[in-house]
Amino acid sequence: MAIITESLLGDQSSSRPPEATSGQNNSESTRPNDADPFKKVNVEQWILELRDRRTRENALQRLSKIREIREDLAPLLWHSFGTTYTLLKEILEVYPMVTSPHLLTQEASNRACNTLSLYQCVAAHPETRNLFVKANIPMYIYPFLGTKSKEKPYEYLRLSSLGVIGALVKDNDEDIITFLLQTQVFCYCIRCIEVGTILSRTVATFIIERILISDQGMKYCITFADRFYVITQVLSRMLDKLPEEPSHRLLKLIIHCFLRLSDGLTRDVDSLSLCLPRSLRDSRVINLVSDDPVAMSYLRRLYCNVAAGRKPNGAAGKQPNGASGAESNGRVAKG
């Protein structure tokens with residue numbers, strides 16, 4: 001099952017699939033001391049059990065359940081002998097199953113998702129995050145982001161993988177942003193947006209937003225016209241789906257992405273031919289964030305940037321890397 005840290009998306013609800021929680025008793029889920037016993041468990045013993053194939057699956061399940069209540073879990077996992085390699089082997093064993101549809105079983109997907117949840121724990125911890133990146137572990141996760149199948153086992157694997165990358169970008173570390181840009185993480189996020197569920201699209205858009213917040217991430221997106229067009233078109237297509245699949249959180253992320261792109265074009269490229277997507281004037285869409293003052297502030301600033309970027313007499317300004325005004329008005333989101 002896919003497991004995403006709830007704090008990753010702020011107000012986003014848990015990504016655990018419905019069948020994973022539907023049988024849970026409400027009184028158990030709200031019991032205040034329900035997690036206390038996990039604080040006393042022998043985590044070191046479970047980590048040792050990862051080395052033995054006979055006990056590994058059970059250890060993966062147990063460790064994934066306590067990863068948010070044991071703050072020392074990430075350093076213990078990373079610094080314990082052979083554990084990182086053992087988790088990596090678990091990831092590599094799934095590779096043959098993701099090469100074509102229908103090969104990945106739900107059992108194999110659940111096991112890989114538990115492994116990825118531990119990697120997400122390591123990626124989120126300030127002591128282990130940069131070590132995780134320097135070891136190039138994220139690159140072993142990218143193949144899961146590139147899958148095209150929409151079946152549940154693949155979707156859970158995709159979502160768990162996005163959770164790892166999302167944990168890396170949450171604190172806007174410039175070295176990590178550089179690594180992700182150099183390893184083409186944008187291409188994988190776009191693939192997830194195209195084939196994933198609304199939750200996968202939300203986490204993938206969160207990653208794009210966090211990258212756009214950094215100056216180097218914004219420059220990466222606006223330096224080349226084709227790259228800029230692909231990103232704006234992907235964001236616009238997500239907007240078009242929102243009336244059928246409403247999501248306040250996703251809309252807020254999309255608006256902020258457009259705002260950052262418009263800020264970058266105005267400041268660094270001295271032009272703004274970004275047309276406001278038609279959906280951002282659709283009341284069915286805008287009403288999703290009408291009660292969110294931050295989102296509405298983003299939207300007002302975006303309106304101002306678009307208005308300020310329009311040249312008098314319809315003249316187009318200089319485009320990123322020489323793209324013409326006609327190309328921009330024809331290829332960017334419909335206005």
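This is a predicted model: local features need pLDDT of at least 70, side-chain atom pairs count only at pLDDT 80 or more; totals for chains, interfaces and linings use all residues.

Student: How many helices and strands does the protein chain have?

Tutor: The protein chain has 19 helices and 0 strands.

Student: And what share of the residues is buried?

Tutor: Of the 335 residues in the protein chain, 52% are buried. As for contacts between residues at least 6 apart in sequence, 75% of them join residues at least 24 apart.

Student: Let's take a helix pair. At what angle do α6 and α9 pack?

Tutor: The angle is about 20 degrees, and the axes of α6 and helix α9 (residues 137–145) are 10 Å apart. That angle is under the 35 degrees cut-off, so α6 is roughly parallel to α9.

Student: Left-handed or right-handed crossing?

Tutor: α6 passes α9 in a left-handed crossing.

Student: Which residues make that contact?

Tutor: From α6 there are T84, L88, I91 and L92, and from α9 there are I137, Y140 and F144. Sorted by type, the residues of the contact of α6 with α9 are 6 nonpolar, 1 polar and no charged.

Student: Moving past α6, where does V94 sit?

Tutor: V94 is in the loop between α6 (83–92) and α7 (106–124).

Student: Buried or exposed?

Tutor: V94 has a relative accessible area of 6%; the limit for buried is under 20%, so V94 is buried.

Student: What does V94 touch, leaving aside neighbours within four places in sequence?

Tutor: V94 is in contact with L104, A112, F144 and L157. One of these, F144, also belongs to the α9 side of the contact with α6. Separately, the C-alpha atoms of V94 and S109 are 8.0 Å apart, and the two residues are 15 residues apart along the chain.

Student: What about L103, where is that?

Tutor: L103 is also placed in the loop between α6 and α7. Its relative accessibility is 43%, so L103 counts as partly exposed.

Student: And which contacts does L103 have beyond four places in sequence?

Tutor: L103 is in contact with P96, M97 and Y154. L103 and Y154 are 51 residues apart in sequence, and their C-alpha atoms are 9.7 Å apart.

Student: Change of topic: which residues of α11 are buried?

Tutor: In helix α11 (residues 174–182), the buried residues are I176, I177, F179, L180 and L181.

Student: What do they pack against?

Tutor: The buried residues of α11 pack against α8 (129–134), α9, α10 (152–169), α12 (185–195), α13 and α14.

Student: What happens at the start of α11, and what just after it?

Tutor: At the start of α11, a side-chain oxygen of D173 comes to within 2.9 Å of the backbone nitrogen of D175. Just after α11, Q184 has a positive phi of about 60 degrees.

Student: You listed α13 and α14 there. How do their axes cross?

Tutor: The axes of helix α13 (residues 198–213) and helix α14 (residues 215–222) come within 4 Å and cross at roughly 105 degrees. α13 and α14 are therefore roughly perpendicular.

Student: Which residues are in that contact?

Tutor: I211, L212 and I213 come from α13, while D215, G217, M218 and C221 come from α14. The contact of α13 with α14 divides into 5 nonpolar residues, 1 polar and 1 charged.

Student: Last stop, α16. What does D263 contact, leaving aside neighbours within four places in sequence?

Tutor: D263, in helix α16, is in contact with M218, R301 and N305. M218 is one of the α14 residues in the contact with α13.

Terms used. Residues are numbered from 1 along each chain as its sequence is written. Side-chain values use heavy atoms; hydrogens and water are left out. Helices (H or I, at least four residues) and strands (E, at least two) are DSSP runs, numbered from the N terminus. Buried means under 20% relative accessible area, exposed over 50%, partly exposed in between (1.4 Å probe, protein chains only). Contact means heavy atoms within 4.5 Å. Axes are lines fitted to C-alpha atoms, for helices over the stretch in contact, and angles run from 0 to 180 degrees between N-to-C directions. Angles under 35 degrees count as roughly parallel, over 145 as roughly antiparallel, 65 to 115 as roughly perpendicular and the rest as oblique. A crossing is left-handed if the near helix is turned anticlockwise from the far one by less than a right angle, and right-handed if clockwise. Ala, Val, Leu, Ile, Met, Phe, Trp, Tyr, Cys and Pro count as nonpolar, Asp, Glu, Lys and Arg as charged, and the others, Gly among them, as polar. A polar contact is a pair of N or O atoms within 3.5 Å; within protein, one must be able to donate a hydrogen and the other to accept it, and residues adjacent in sequence count only if both atoms are side-chain atoms.
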